[in-house]
Amino acid sequence: IMKVNGEPRKKISSWTNKGINWGDHQWRRVRIERDADIGSIKVFFEGELVQEANDKDFSFGAIGFGSFDDSGKIDNVRLWTRQAKSNKKKLLPRAK
């Protein structure tokens with residue numbers, strides 16, 4: 001789990017498993033749970049917790065996908081949220 005805040009990415013994971021075997025030519029299910037109120041960020045791969053972080057810098061923001069060593073395709077992205085609280089922080093400009 002990385003954070004980018006107007007500077008180079010920074011690892012914020014407090015725990016990461018030993019790695020994931022993505023396999024070849026297979027669809028996989030990845031779920032991210034984030035609770036901005038307490039700063040909790042959890043990543044699940046095929047239902048198993050694989051990364052955790054705690055960061056309260058942003059109460060809202062953007063989601064991004066990236067890879068260093070692997071390539072793949074992303075499909076069927078769904079986002080759920082509770083009602084957003086009022087926030088005075090300035091939004092970052094959209095990527096071009």
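**Reading the model**

Modeller: Begin with a single residue. Trp22 is partly exposed, with a relative accessible area of 36%. Keep in mind that this is a predicted model.

Colleague: Which aromatic pair does Trp22 form?

Modeller: For such a pair, look at the distance between ring centres and then at the angle between planes; over 60 degrees counts as edge-to-face. A search of the whole structure finds one aromatic pair. Trp22 and Phe45 make up this edge-to-face pair, with 4.8 Å from centre to centre and 75 degrees between the planes. The pair links distant parts of the chain, 23 residues apart: Trp22 is in the loop between β3 (13-16) and β4 (30-35), and Phe45 is in strand β5 (residues 40-45).

Colleague: Is Phe45 buried or exposed?

Modeller: Under 20% relative accessible area counts as buried. Phe45 has 11%, so Phe45 is buried. Its strand, β5, is mostly covered, with five of its six residues buried. Across the protein, buried residues make up 15% of the 96 residues.

Colleague: How many helices and strands does the protein have?

Modeller: There are zero helices and six strands. Along the sequence the pattern reads β-β-β-β-β-β.

Colleague: In what order do the strands of the open sheet stand?

Modeller: The order in a sheet has to be read from the pairing of strands. Here four strands form an open sheet, ordered β3-β6-β5-β4, with antiparallel pairing. β3 and β4 stand at the edges; each has a single partner strand, so one side of each is left without a neighbour in the sheet. From one strand to the next, the twist averages 15 degrees.

Colleague: How many bridges join β4 to β5?

Modeller: Six bridges join these two antiparallel strands, β4 and β5. They form a hairpin with four residues between them, and Gly39 in the turn has a positive phi of about 85 degrees.

Colleague: And what joins β5 to β6?

Modeller: Six bridges join β5 to strand β6 (residues 48-54), and the two run antiparallel. This is also a hairpin, with two residues between the strands; Glu46 in the turn has a positive phi of about 50 degrees.

Colleague: Which residue in β5 does Arg31 stand opposite?

Modeller: Arg31 stands opposite Phe44 in β5. For a charge and a ring, check the distance to the ring centre and the position over the face. Arg31 lies over the face of Phe44, at 4.0 Å from the ring centre.

Colleague: Where is Trp80 placed?

Modeller: Trp80 is in the segment after β6. Over 50% relative accessible area counts as exposed. Trp80 has 71% relative accessibility, so Trp80 counts as exposed. From C-alpha to C-alpha, Trp80 and Glu33 are 9.7 Å apart in space, while 47 residues separate them in sequence.

Colleague: What share of the contacts with a separation of 6 or more joins residues 24 or more positions apart?

Modeller: Residues 24 or more positions apart account for 42% of those contacts in the protein.

Conventions. Residues are numbered from 1 along each chain as its sequence is written. This is a predicted model: local features need pLDDT of at least 70, side-chain atom pairs count only at pLDDT 80 or more; totals for chains, interfaces and linings use all residues. Side-chain values use heavy atoms; hydrogens and water are left out. Buried means under 20% relative accessible area, exposed over 50%, partly exposed in between (1.4 Å probe, protein chains only). Contact means heavy atoms within 4.5 Å. Rings of Phe, Tyr and Trp (its six-membered ring) pair if their centres lie within 6.5 Å; planes under 30 degrees apart count as stacked, over 60 as edge-to-face and the rest as tilted. A charge sits over a ring if NZ of Lys or CZ of Arg is within 6 Å of the ring centre and within 35 degrees of the ring normal. Two strands pair if DSSP finds at least two bridges between them. Axes are lines fitted to C-alpha atoms, for helices over the stretch in contact, and angles run from 0 to 180 degrees between N-to-C directions.
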